[in-house]
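I opened my notebook for a first look at this structure. Here is what I looked up, entry by entry.

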Amino acid sequence: MILPIYLYGQPVLRKQAEEVPQDYPELKQLIADMYETLAVADGCGLAAPQIGKSIRMFIVDGTVLAEDYPECANFKQPFINPEIVEESEEVIAYSEGCLSLPGISENVVRPVKVRVHYYDVDFQEHDEWLDGFNSRIFQHEFDHIEGNVFTDKISPIRRQFVKNKLSNIVKGKTTAKYKCKRN
Ligand code: NI
């Protein structure tokens with residue numbers, strides 16, 4: 001089932017999301033629905049708050065980017081109760097966009113590598129380093145479950161520049177080619 005994507009201005013995007021319990025009802029179905037939603041919207045990641053659920057879970061699909069970023073070739077999986085346990089000191093700027101902020105893309109500076117801890121869909125524990133664009137996608141999605149969006153992390157000058165675009169999203173003046181939940 002394709003779910004509406006909650007746009008900037010929806011309060012759920014600003015909440016710190018709750019841990020996912022092992023007995024969370026219909027978790028696999030929710031993940032399947034999120035993958036269907038992500039594919040239609042043509043994105044590479046989607047966090048549960050973006051479909052209105054304030055839980056600590058997101059999905060990624062970097063396979064669409066594999067031509068430009070080979071590390072993404074197998075990067076398609078859900079992350080449940082993820083944490084960033086270590087970051088590289090080295091940082092890098094990349095242009096980011098977000099399905100909840102249609103029409104905006106801005107450079108965001110983030111650590112190059114992150115060591116992450118998470119559970120898979122069978123609640124098996126994992127601990128690994130992510131690099132390149134995988135690290136980037138993870139960090140962007142992780143922000144969502146903390147109640148942050150990428151424009152919180154851009155320079156003050158660029159934030160001033162996107163102010164009108166953000167307020168247009170809040171006012172419902174922005175169009176997106178996918179099903180949205182907006183004001
Ligand atoms: Ni996003």
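Is Glu 26 buried or exposed? I found Glu 26 exposed, at a relative accessible area of 61%. For these words I used a 1.4 Å probe and protein chains only: buried is under 20% relative accessible area, exposed is over 50%, and partly exposed lies in between.

Entry: ground rules. I am reading a predicted model, in which local features need pLDDT of at least 70, side-chain atom pairs count only at pLDDT 80 or more, and totals for chains, interfaces and linings use all residues. Residues are numbered from 1 along each chain as its sequence is written, and side-chain values use heavy atoms, with hydrogens and water left out.

Entry: the whole chain. I noted three helices and nine strands. Both are DSSP runs numbered from the N terminus: helices (H or I) have at least four residues, strands (E) at least two. From the N terminus on, I read the order as β-α-β-β-β-β-β-β-β-α-α-β. The radius of gyration is 16 Å, close to the 16 Å from the globule rule for 183 residues, so the chain is as compact as a globular protein of that length. (That radius is taken over C-alpha atoms, and the rule is 2.2 Å times the number of residues to the power 0.38.) The C-alpha trace spans about 45 × 40 × 30 Å along its principal axes. Of the 183 residues, 48% are buried. I also looked at contacts, meaning heavy atoms within 4.5 Å. Among those between residues at least 6 apart in sequence, 66% join residues at least 24 apart.

Entry: the nickel ion. Which residues coordinate the nickel ion? I found Cys 98 (SG), His 140 (NE2) and His 144 (NE2), at 2.1 to 2.3 Å. Donors here are N, O and S atoms within 2.8 Å of the metal (3.2 Å for Na, K and Ca); water is not among the atoms, so sites may look incomplete. Along the chain, the donors follow the spacing C-x41-H-x3-H. Cys 98 is buried at 9% relative accessibility, and His 140 is buried with a relative accessible area of 9%. As for H2, 13 of its 14 residues are buried, so the helix is largely enclosed by the rest of the structure. Just after H2, I spotted Gly 147 with a positive phi of about 85°.

Entry: strand E3. How many residues of E3 (residues 57-61) are buried? I counted five of five. Met 57, Ile 59 and Asp 61 cover one side, with Phe 58 and Val 60 on the other. Strands count as paired if DSSP finds at least two bridges between them. Three bridges join E3 to strand E2 (residues 45-47), running antiparallel, and Leu 46 stands opposite Ile 59. Five bridges join E3 to strand E4 (residues 76-87), also antiparallel; there, Phe 58 has Phe 79 as its bridge partner.

Entry: Glu 26, in the loop between strand E1 (5-6) and helix H1 (27-41), has a positive phi of about 55° although it is not a glycine. Asn 81, in strand E4, is not a glycine either, and has a positive phi of about 45°. Asn 81 counts as buried, at 6% relative accessibility.
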